[in-house]
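Student: I've got a chain open and I'd like to talk it through with you. Can we start with the overall picture and then zoom in?

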Amino acid sequence: MDLLNTLVDKGLRREPPTREEALAVLATSDDDLLDVVAAAGKVRRHWFGRRVKLNYLVNLKSGLCPEDCSYCSQRLGSTAEILKYTWLKPDQASEAAAAGVAGGAKRVCLVASGRGPTDRDVDRVSETIRAIKERTGEVEVCACLGLLSDGQAERLREAGADAYNHNLNTSEATYGEITTTHTYADRVDTVRKAHAAGLSACSGLIAGMGESDQDLVDVVFSLRALDPDSVPVNFLIPMEGTPLEKEWHLTPQRCLRILAMTRFVCPDVEVRIAGGREVHLRTLQPLALHLANSIFLGDYLTSEGQAGKADLEMIADAGFEVEGTDQVTLPEHRAGERGGCGADRAGGAGRASGADGTGCAGGAGGTGGAAGAGAAAPGAGLPRTDLVAVRRRGAGTDLAPNA
């Protein structure tokens, strides 16, 4: 297929596709799906080899958020029966983080619900970051606390944070349909604040909210323009008690096409499969490893993920290897462009969090519902509510975490 040959050549040169080419990837047929995966896989392997970076979420504060993000089980007005608790103490958070590191995670993502942190919250998270670093060594730490005020990113960096996550989630044109309590521009501003402070920026999207192909392409091109080191791709988990709990638009095949399109547009960036992979990719998860070079290990913010052991077995069985703490995630030219900043400066890998990812990381955290303007993807299957489970273990509970 001439389209795929063109996209591979561009990806190896770090040249973006045209918007028409990106749309064409999303429009490919299921008959061509393996060809699409193989082509995007060449680009992924060129920049990242067969390494898979593991990230681990710690939900510092769950539920009771004043924002109205339609996809989120922690939103204002949500009736989802999720865990609700206030801030974990630093020793509790470091204990949870240590479980993820023991399971192979290279990055710990600290997420808290809410519009954004107060200065007191930044102090609290800073203390937590220091506790985690003291306990686990040079593990990368990414914070995801919502919208940042002036000076807060710098304070997190001084405390030892390596990265900051804040997702764009969807296109600017449709953002007002999923959230009314803050704007798309607010999110862009926070990503820029993280960049300016020397943090490795992580920003991604949520697919499956009823958006059109054009919306997906728009948000991925917007992300490329922001130049984050990591792009988490979340697949909406329509959790009961959220505004669009009945919205099931995704098939495993569509998820793979979305990941492939993201890889072609962002060839040398850490692309992470975030929330919802178990629900929507299901048995095709191993194929997604040929497109993305990063995943979350274990559970998400408010929903349960695949068993950590199963994640590790999947990676090995698919012929990939877990990225070590002594390996740098980002290609050398990107680390050089950053001047050694962020996670790579910390002696580790690329960026990202998310849950994305997550907290204000959207659907990654196992947050719910969604809003959008598009129609269901052709061939969209029946709801798989049997695959959605509210998290009842790990942070905020007395039960061992899944890592």
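Student: What does the accessible surface of the chain come to, and what percentage of it belongs to carbon and sulfur atoms?

Tutor: Bear in mind that this is a predicted model. The accessible surface totals about 13900 Å². Carbon and sulfur atoms account for 49% of that.

Student: And how many of the residues count as buried?

Tutor: Buried here means under 20% relative accessible area. The chain has 403 residues, folded with 14 helices and 10 strands. By that cut-off, the buried share is 64%.

Student: Which residues touch the most other members in the largest nonpolar core?

Tutor: In soluble globular proteins, nonpolar side chains tend to be buried together. Here the largest such core holds 96 residues. Those touching the most other members are Val 58, Leu 60, Leu 156, Phe 235, Leu 259, Met 261 and Ile 273. Another core lies apart from it, with 10 residues, among them Leu 57, Cys 142, Ala 163 and Tyr 300.

Student: Let's zoom in on α7. What do its buried residues pack against?

Tutor: Helix α7 runs over residues 184-196 and reaches 19 Å between its first and last C-alpha, close to the 18 Å expected. Its buried residues are Tyr 184, Arg 187, Val 188, Thr 190, Val 191, Lys 193 and Ala 194. Their packing partners are α6 (152-159), β4 (163-165), β5 (200-202) and α8 (213-226).

Student: Which residue takes a positive phi just after α7?

Tutor: Helix α7 covers residues 184-196. Just after α7, a phi of about 90° turns up, and the residue is Gly 198.

Key: Residues are numbered from 1 along each chain as its sequence is written. This is a predicted model: local features need pLDDT of at least 70, side-chain atom pairs count only at pLDDT 80 or more; totals for chains, interfaces and linings use all residues. Side-chain values use heavy atoms; hydrogens and water are left out. Helices (H or I, at least four residues) and strands (E, at least two) are DSSP runs, numbered from the N terminus. The expected span of a helix is 1.5 Å times one less than its number of residues. Buried means under 20% relative accessible area, exposed over 50%, partly exposed in between (1.4 Å probe, protein chains only). Contact means heavy atoms within 4.5 Å. Accessible areas come from the Shrake-Rupley method with a 1.4 Å probe; for residues, only the protein chains shown count as cover. A nonpolar core is a set of buried Ala, Val, Leu, Ile, Met, Phe, Trp, Tyr and Cys residues joined through side-chain atoms within 4.5 Å.
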